[in-house]
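Here is a short briefing to read alongside the sequence and the model. Take a moment to look around first, then follow the topics below.

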Number of protein chains: 2
Amino acid sequence: MNLLILDGYDAERGALLSEKLGSGWTVTEGRHADPREILASRLADADAVVTQYWAEGLPPAPRLRLLQLPGAGFDAIDFEAVPAGCAVCNVYEHEIGISEYIVAALLEREVRIARMDAALRRGEWRHGFVLGAPLHGELHGRTVGFLGYGRIAREAARRLAPFGVRIAARTRSPDPSGPGAELVADLAGIDRLDDMLPSVDYLVIACPLNDATRGLIGARRLALLGPAAMVVNVSRGPIVDEEALYAACRDGTIGGAIIDTWYRYPDPTGGVGQSCLPSRFPFETLANVVMTPHASGWSAGLLDRRWSVIADNLTRLERGEPLRNLLRPPGGMLPSAGAP
Amino acid sequence: MNLLILDGYDAERGALLSEKLGSGWTVTEGRHADPREILASRLADADAVVTQYWAEGLPPAPRLRLLQLPGAGFDAIDFEAVPAGCAVCNVYEHEIGISEYIVAALLEREVRIARMDAALRRGEWRHGFVLGAPLHGELHGRTVGFLGYGRIAREAARRLAPFGVRIAARTRSPDPSGPGAELVADLAGIDRLDDMLPSVDYLVIACPLNDATRGLIGARRLALLGPAAMVVNVSRGPIVDEEALYAACRDGTIGGAIIDTWYRYPDPTGGVGQSCLPSRFPFETLANVVMTPHASGWSAGLLDRRWSVIADNLTRLERGEPLRNLLRPPGGMLPSAGAP
């Protein structure tokens, strides 16, 4: 069996994967940007490809039976362009990192350790009780509303629950007996999204990007949030309307935003020296915005967990066993997993 | 009944307390620094005093039956100087704020959102996966060791558990069936403190300051910590030897420290304009130290929760009912609650 890894995250992975897979597999690494004849010859031989991207116009891949994504998001996969006999699978394993990021960001918004640290380094005790400072915030008693209640939201909810946080969620298919439902005080469908917005201190965007979710949070819905409410986006930027979010933060009609997933990205091949502001609006000028570079899930154990799942899936393919995290079965249609 | 509030945290409390207590109580507010004859006349009449400080040489308080602390720490109370017939009680209610602070500080140490934010504001994506950044840390899988396993440590452990954190604790009276013991993978007495130190990623100081705990963490024990381990002090500075902690942080023999409770404090009457560096050593020059001004428990709901308990205790005193949070019964000895 031939595995092609296209634009793999790091150079050691191919070797590690070869070890896990054993002698039945030959592993090749390449890039989408390779000369077309090289890419064509590699795709012609591939039984499985690990890649985040698939589009029309790629050279033919007649033997391809598994398109394995190395991450969770499949918005860069053109399913219609994937050969008919090929299954498409993704991997998750980022729930741990992303849920830690969410709780970290919410706690810092309340406790504001960085601000206290900066002051005390100058000898200023303005935030301490000794000089009768105002009290800082508590996460205790806050309401966190999730848009989407999949793996990430459930793991975040599980970590937030012991803080005395009230959890609300709006999801495509609300199931009162589904996983994690016992954590949610207010669970309903997307049709009741507007109901939830006035009640939340934090609106956490945790659904995939697709035609149903693009721009789902626009100016009208942002106006339903309270003036202290924060938008937290760890999913995909365009689920929240770029201009409307910037205006709401700039004008203080909401409390602000914690944004990990953006509207503009750097050239992946351009190196760390390049500069790329992540929006056409100057979020970087706003003090009520926390900006991180699509890194919430990019945490220590992620790659080991993901490549273990990928190795397992390749072994399953080899043995004809059911695949994990199937987004599209061979010859099948995209399941409705695309909605939030 | 006459209640005297000495050095009360804020001016509205007396009025609020009067409402809760009803007509049986007269509430007076004053300060330890008031002219002696005024302090003497107030203490002469007082059935109960709310104060954080009590020392030899105060004017007599012949009617005093309850010395009620407005906080948890009783290291500024000279129990031998308290009139024999007077009970001493404290209040907690800061477990929520302090446990939120602990989790916030640990998560930020791993995820490092502030660093990412500063870079992305300049258009730099060096911490994101798009440019193949190194992975940031995960709290998942870390070991947190508590010195002391009282209310604060238990509330922190309860919040840390869903993150997949391993909990260890050393406490004066380890009880495998006591509250919160089910969260602790490694629970033992203070005599086994040294055993715990090499295994922890975070050592959280959560015991009271007394003769048994002063300097308990000195140079020898700091050397038992691993080179990435962080000391987190939310209790009282002098439990950790000042010079040894500074040297360990400066020399990188430990990972660093997160310090909320200090060695030097500002003059409580000196106003926010004064400058007071919190140690005779320049912790403020170290990048691996997080410095906050004794504020971890100083959070939004704290005072309402505390004054509710105080009002309840005063009502119990009036009715002759058992008091809450008794540190010393009237005529009694200081219970051994002083050890960690």
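Which elements of chain B do the buried residues of α8(B) pack against? They pack against α7 (219-222), β10 (230-233), β11 (256-259) and β12 (289-291) of chain B. This is a predicted model: local features need pLDDT of at least 70, side-chain atom pairs count only at pLDDT 80 or more, and totals for chains, interfaces and linings use all residues. Residues are numbered from 1 along each chain as its sequence is written, and chains are lettered from A and ligands numbered from 1 in the order in which they are written.

**Helix α8 of chain B**
- Helices (H or I, at least four residues) and strands (E, at least two) are DSSP runs, numbered from the N terminus.
- Within α8(B), residues 242-251, the buried positions are Leu245(B), Tyr246(B), Ala248(B) and Cys249(B) (buried: 20 or more other C-beta atoms within 10 Å of the residue's own, with C-beta atoms placed from the backbone).
- Viewed down the axis of α8(B), these residues fall within an arc of 165°, so they line one face of the helix (the arc is that of the directions from the helix axis to the C-beta atoms).
- Gly252(B), with a positive phi near 70°, follows α8(B).

**Where the chains meet**
- Chain B brings 61 residues to the contact and chain A brings 62 residues (contact: C-beta atoms, placed from the backbone, within 7 Å).
- On the side of chain B that touches chain A, α3(B) gives the largest share, eleven residues.

Technical notes
A residue is buried if 20 or more other C-beta atoms lie within 10 Å of its own, exposed if 12 or fewer, and partly exposed in between; C-beta atoms are placed from the backbone. Two residues are in contact if their C-beta atoms, placed from the backbone, lie within 7 Å.
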